[in-house]
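Hi there,

Here is the structure I promised to pass on. Have a look at it first, and my notes follow below.

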Amino acid sequence: MTIEQKRVLQTSIPGPRSKELHARKTAAVAGGVGTTLPIYVTQAGGGIVVDVDGNQLIDFGSGIAVTSVGNAAPRVVDAVQEQVAAFTHTCFMVTPYEGYVAVAEKLNELTPGSFEKRSALFNSGAEAVENAVKIARHHTGRQAVVVFDHAYHGRTNLTMALTAKNMPYKHRFGPFAGEIYRVPMAYPFRWPTGPENCAEEAFAEFVSLVHTQVGESNCAAVLVEPIQGEGGFVVPAPGFLAKVADWCRENDILFIADEIQSGFCRTGDWFACEHEGVVPDLITTAKGIAGGMPLAGVTGRAEIMEAVHSGGLGGTYGGNPVACAAALGAIETMQAEDLAGAAKRIEQTMRPRLEALASKYDVIGDVRGRGAMLAVELVEPGTLTPNAKLTGEIAAACHQQGLITLTAGTFGNVLRFLPPLVIGDDLLHEGLDILEAAFAAKA
Ligand code: PLZ
């Protein structure tokens, strides 16, 4: 069903029917499962989300970077409908099917590195990250995993340990898995001696901390998001990732790129690490891979992936046939519609307007990101002091006007923009108009 690509506000946001459903949610769903914007959805497609009150909102969130091909994208819908009518599940570990193999082949082909690769499929990003760590430990015979400040890798026990931020992800959920070591991220905007020194100095600190506090020979892997997601769309200082990857190679430590949020055309290339010329040993994917169906993958060098004994990796639903069909439909869409190119065009439209906004409002300390993964960081003017209050107010003002925006960042002071890559230019501009009006009203 095609949805008119037009913002429509029939009621206040949320409207009366959404409010009714939200009361039911509050009474039935565990409060720990939060809600950013309680409009209850009936349909979505292109750059529009439709709610139960007939409102049509502009989508700058893509369900947290998932519906890159658009919601209910035609190729995804067709592939899913065909698969769901044929069979829904056999368990790939019991009696396999072609879709899983085809997705693995696509992952092996599309991820960086021209060497032989293997892939394994799972249900969620966190599960993929857990499995990447299992594989790295098994292959190297070492235990330590190095992660970064501001990192986000999931909510399971091991991935909570890998994630940096306490509230809301870790608070009172410990004890956490061991052998995880955290080092500073090369965060240009917040680097004490300035962005120009960031890559060099952060790398020196990384090398020194791993040497003194972990020991290279104890280290299985360094795990990093090539552009940090929940941590605030931090783009590591240019050159930093390449230095870390080279150092890993010299020390027989695996370099794992968590591309769960940044992958699959989001940043204007298939994977964000390609912008830095970095070739990971292992790469985790999820979110954008399957147009909204739950699917995740670990892909890596064949000799690493093959180290694990048969039966050592798996799960009942991992690589479910319906999710695999969706992934094949999503990947075909990305190729046929050049969605990497679309992400670059989105940046060309959005970045100049975000930069103009930053020169007008001195609460915007930084504009950053790549492709259709862009953000602004809000501070007290002229300082690095985070302004989470205003960030929340601007997001709420956008929501009122029918623009779905998300916040992010360790300090909660980042507005992030993740439109579907198929969004039309008109909606993109209209969304930015709403954002500008929110700054005019609140900043
Ligand atoms: N790694 C880089 O971005 C998921 C989580 C939102 P799952 N990010 C959105 C929330 O509040 O739970 C993510 C990510 C990166 C891993 C994950 C985890 O992926 O599919 O949510 O498990």
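The largest cavity has a volume of about 50 Å³, and the structure holds three cavities of 30 Å³ or more. Here a cavity is a set of points, on a 1 Å grid over the protein atoms alone, where a 1.4 Å probe fits but cannot get out; grid points are joined across faces, edges and corners, and a volume is the space filled by probe spheres set on the points. His150, Ala151, Tyr152, Thr163, Ala164, Lys165, Tyr169, Glu230, Gly231 and Thr410 line the largest cavity, lining residues being those with an atom within 4 Å of a point. By class, this lining has four nonpolar, four polar and two charged residues. Nonpolar covers Ala, Val, Leu, Ile, Met, Phe, Trp, Tyr, Cys and Pro, charged covers Asp, Glu, Lys and Arg, and the others, Gly among them, are polar.

Before you go further: this is a predicted model, in which local features need pLDDT of at least 70 and side-chain atom pairs count only at pLDDT 80 or more, while totals for chains, interfaces and linings use all residues. Residues are numbered from 1 along each chain as its sequence is written, and side-chain values use heavy atoms, with hydrogens and water left out.

Now to the pockets. A pocket is an open set of points with protein on both sides within 12 Å along at least five of seven lines. The second largest pocket has a volume of about 500 Å³. Of the 23 residues lining it, Phe92, Tyr100, Ser119, Ala120 and Leu313 are the closest to its centre. Eleven of the lining residues are nonpolar, nine polar and three charged. Helix H4 (98-110) and strand E4 each supply at least two residues of that lining; helices (H or I, at least four residues) and strands (E, at least two) are DSSP runs, numbered from the N terminus.

(Two strands pair if DSSP finds at least two bridges between them.) Phe122 stands opposite Ala296 in E10. Strand E9 (residues 282-285) is joined to E10 by four bridges, again antiparallel, and Thr285 has Gly297 as its bridge partner there. Six of the six residues of E10 (residues 296-301) are buried, so the strand is largely enclosed by the rest of the structure. Buried means under 20% relative accessible area, exposed over 50%, and partly exposed in between (1.4 Å probe, protein chains only).

For the ligand, 15 residues surround it, and the closest are Gly125, Ala126, Arg155, Asp258 and Gln261; the criterion is a heavy atom within 4 Å. A polar side-chain atom of Arg155 lies 2.7 Å from a ligand oxygen atom. A polar backbone atom of Gly125 is 2.8 Å from an oxygen atom of the ligand. For Tyr152, which also lines the largest cavity, an N or O atom in the side chain is 3.2 Å from a ligand oxygen atom.

Lastly, some backbone details to check. Cis peptide bonds join Met167 to Pro168, with omega about 0°, and Gly174 to Pro175, with omega about 5°. Phe264 has a positive phi of about 55° although it is not a glycine, and is buried at 1% relative accessible area. Ala72, also not a glycine, has a positive phi of about 50° and counts as partly exposed at 46% relative accessibility.

Best wishes

Technical notes
A polar contact is a pair of N or O atoms within 3.5 Å; within protein, one must be able to donate a hydrogen and the other to accept it, and residues adjacent in sequence count only if both atoms are side-chain atoms.
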